[in-house]
Amino acid sequence: MSKKKNKQTSINEQKVKNRSASVKIDKKSAARIDGVAAKLSMHEKFAALYVISMFSIFPVYMTNKLFDVRDDRLHYFVVTTFVLLFFIVATYICGIDKERWPKDLFKMSLPDWAFIAFVGVCLISAILSEYGVEAFTGSGGRDSGFWLMAVYLLCYLLVSRYFRYKEVVFTAFAVVSSVVCFIALLHEFWIDPFKIIVDIKESQQKDFITTIGNINMFSGFVCVSLPVCTALAIISKDKVSSAFYWFTASINFMGLLVANSMSGYFGFVSFMAILFIYCCGSARRLFKFILTCTIMLASAKVLRLMSFFFKDNYKNLEDVSRFMIYDNRVYMIIVVFAVLTAAAYLLMSKYGDEHSPKWVQLSAGGFVAFAAAALLGVFIYFSAIDKTTDLGKLSKILRLNDQWGTHRGYAWIRGFELWHTNGIKNTLVGSGPDTFGQVIKAVYRDDMVKRHGSVFDTAHNEFLNYLVTTGLFGFAAYTTVFVSLVVRCVKRCSKNAVFIIPLLAICAYCSQSIFNLATPIITPYIFLFFGIAEAFVRKADE
């Protein structure tokens, strides 16, 4: 009996050893997928340096302060992308790391085909355009002609094939974006230590900020950097790293407040809603999400302290920013979130990283979907059905008309009319990349000058801009790239946390781009993150 018992005990011990070995193998495998344990090949090192340069040098690169910032960023992006191409090709020619060349280099995915189709439509559209030179060069708009779209494709293909996750790459972005946002905080209080805005006309200084330029462009930048910082804070395992990323996220959030742009708030709400659904997957992530909200709310009051220190000498703020920074009721909201944080901590202490029941995430997703649908329904109702009810200040948000969104409504309404009434060719393939200005000026120039004293050269909505300039085919291809990458990231988030980084950045940028315009100052980031998302998918699927 004793021998039988000893034999059973040894069998159980062997099973435990086997399970332990299995766990070790699984962790090692996951580390390889994330690129933590894997040694980078030469072309992966070049890709990593390229992404680091886009995260650290690109946001601050200037040759003549803000006067030539668009040209500076355009030239920097194009040159560094072709430098990366040169070194990648040289790696192959010299036979370096031959045993580690990607085996699936020419394996095509849905986002790949959609992106190629998008650039192909841009080429056809430019060839057929009445504004051929402008369509190829982008000289009539914001330098986003066909040739730049081709470079965006090159950036995507190189990054998606050769980039491998390394946390230090994104840490660099967190650090540099915090510096950029801190300069913006100083500019909010008319402090300009680096003499960036001092030579701009005094009447225009309120609209230009930090190393990015226009406040709308800056809000677009923060809608990429803030999601990255927040995601890193949520997925980091050790407390020191999480604390550091929370610190960078708080500075970026303060930057969002001084950016003073509704497009930025829309991008922020969008990515936080997605992050909320993701964090409902475990008690630990939910605790970190609520703590993140508390930290962000508290950081708004740090701005209030700064304002007091600078004797309330600040630039004008819109209602949301003014409320967050100066309204005392926010202190009550902070207390509520502090209590929720404590409750979430107790929950985490009990359940830790244990996965929540499926219904928890489904309920969170249902709540977010219902809120989004309700807001959209209210907007449609007051824009298309009830156009007379006095909404007061809410009319700036809930009713689309010519005055809506600092006259964005005028451009949206006219742009959509021009798309579907300007002939079958323009409906299908558009007027040519970045020729929205030429199209709308041909019909509405005098009316725009009379109403606004200026003319629009973009739709102030990237999706509508692509619809008018590249037609239904181009719009469908671009949307397919965006949607397919979001779906691919969502499917893998539960198994690999790093997918939340590009997912949040892509969703935040595309959300704010509904109210913003494409420009080489910030637009390269969305195509860069398209490439990063696809790279993560390819490495995880190896």
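Guide: Searching the whole structure gives 51 aromatic pairs, a pair being two rings of Phe, Tyr or Trp (its six-membered ring) whose centres lie within 6.5 Å. This is a predicted model, in which local features need pLDDT of at least 70 and side-chain atom pairs count only at pLDDT 80 or more, while totals for chains, interfaces and linings use all residues. Residues are numbered from 1 along each chain as its sequence is written, and side-chain values use heavy atoms, with hydrogens and water left out.

One of these pairs joins F163 and F536, with 6.3 Å from centre to centre and 25° between the planes, and it counts as stacked (planes under 30 degrees apart; over 60 is edge-to-face and the rest tilted). F163 sits in the loop between α6 (146-162) and α7 (167-188), whereas F536 belongs to helix α21 (residues 524-541), so the pair ties together parts that are 373 residues apart in sequence. Helices here are DSSP runs of H or I with at least four residues, numbered from the N terminus.

Helix α6 also packs against helix α2 (residues 42-56), their axes coming within 9 Å and crossing at roughly 125°; axes are lines fitted to C-alpha atoms over the stretch in contact, and angles between N-to-C directions run from 0 to 180 degrees. That makes α2 oblique to α6, since angles under 35 degrees count as roughly parallel, over 145 as roughly antiparallel, 65 to 115 as roughly perpendicular and the rest as oblique. At this contact (heavy atoms within 4.5 Å), H43, E44, A47, Y50 and V51 of α2 meet C155, V159 and Y162 of α6.

From α19, the residues in contact include F463, Y478 and F482, and from α20 they include L503, I506 and Y509.

As for confidence, the pLDDT (the predictor's confidence in each residue, from 0 to 100) averages 90 over the protein chain, and 93% of the residues score at least 70.

Methods
Helices (H or I, at least four residues) and strands (E, at least two) are DSSP runs, numbered from the N terminus.
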